[in-house]
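Take a look at the picture before you read the points.

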Amino acid sequence: MKYIQFALNNKNHILQTYWVNTSSNSIIHELITKSDRKTKNDIETLITGGSIDKPLYDDITYANMNVKFEYIWSFLLYTGYLKPAQIYQKGIYSYFTAVIPEIEIITTYENTFRQWFNESIRKDVK
């Protein structure tokens with residue numbers, strides 16, 4: 001609310017991302033830099049306005065994030081970096097169709113996540 005108040009009182013102020021800078025993204029950074037080509041392609045699909053279908057895990061914790069890499073999608077969902085366009089069942093398992101929730105998050109994906117991808121690619125090349 002303070003940010004909105006500031007923007008309203010300063011007519012020349014250009015709105016910028018705010019939410020993504022309110023906490024540490026270190027866990028997401030680690031997951032993104034360790035991700036495989038498929039994960040990076042899925043993130044590119046999201047950035048371009050597409051959607052991806054992924055298993056929905058409700059039992060993830062920080063401790064088991066490295067156990068199964070598919071947990072990254074549920075983690076991004078639960079932390080607000082994704083939203084479910086649809087949740088559905090396949091047999092006894094839950095899945096969701098993931099999309100990026102808003103313009104601020106798209107900016108984060110385009111700038112921050114791509115930068116992390118580039119860092120991991122440079123490390124792989126060395």
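1. Helices here (H or I, at least four residues) and strands (E, at least two) are DSSP runs, numbered from the N terminus.

2. A quick word on what you're looking at: this is a predicted model, where local features need pLDDT of at least 70, side-chain atom pairs count only at pLDDT 80 or more, and totals for chains, interfaces and linings use all residues. Residues are numbered from 1 along each chain as its sequence is written, and side-chain values use heavy atoms, with hydrogens and water left out.

3. Now helix 4 itself, residues 71–78. How many of its residues are buried? The count is 7 of 8, where buried means under 20% relative accessible area, exposed means over 50%, and partly exposed lies in between (1.4 Å probe, protein chains only). Among the buried ones are W73, F75 and L76.

4. Strand 3 (residues 93–99) is mostly covered too, with 5 of its 7 residues buried. Strand 1 (residues 52–55) runs antiparallel to strand 3, joined by 4 bridges; two strands pair if DSSP finds at least two bridges between them. Look for K54, whose bridge partner in strand 3 is F96.

5. Strand 2 (residues 83–90) is also antiparallel to strand 3, with 7 bridges joining them. K90 sits opposite Y93 of strand 3. The two strands make a hairpin with 2 residues between them, and G91 in that turn has a positive phi of about 65 degrees.
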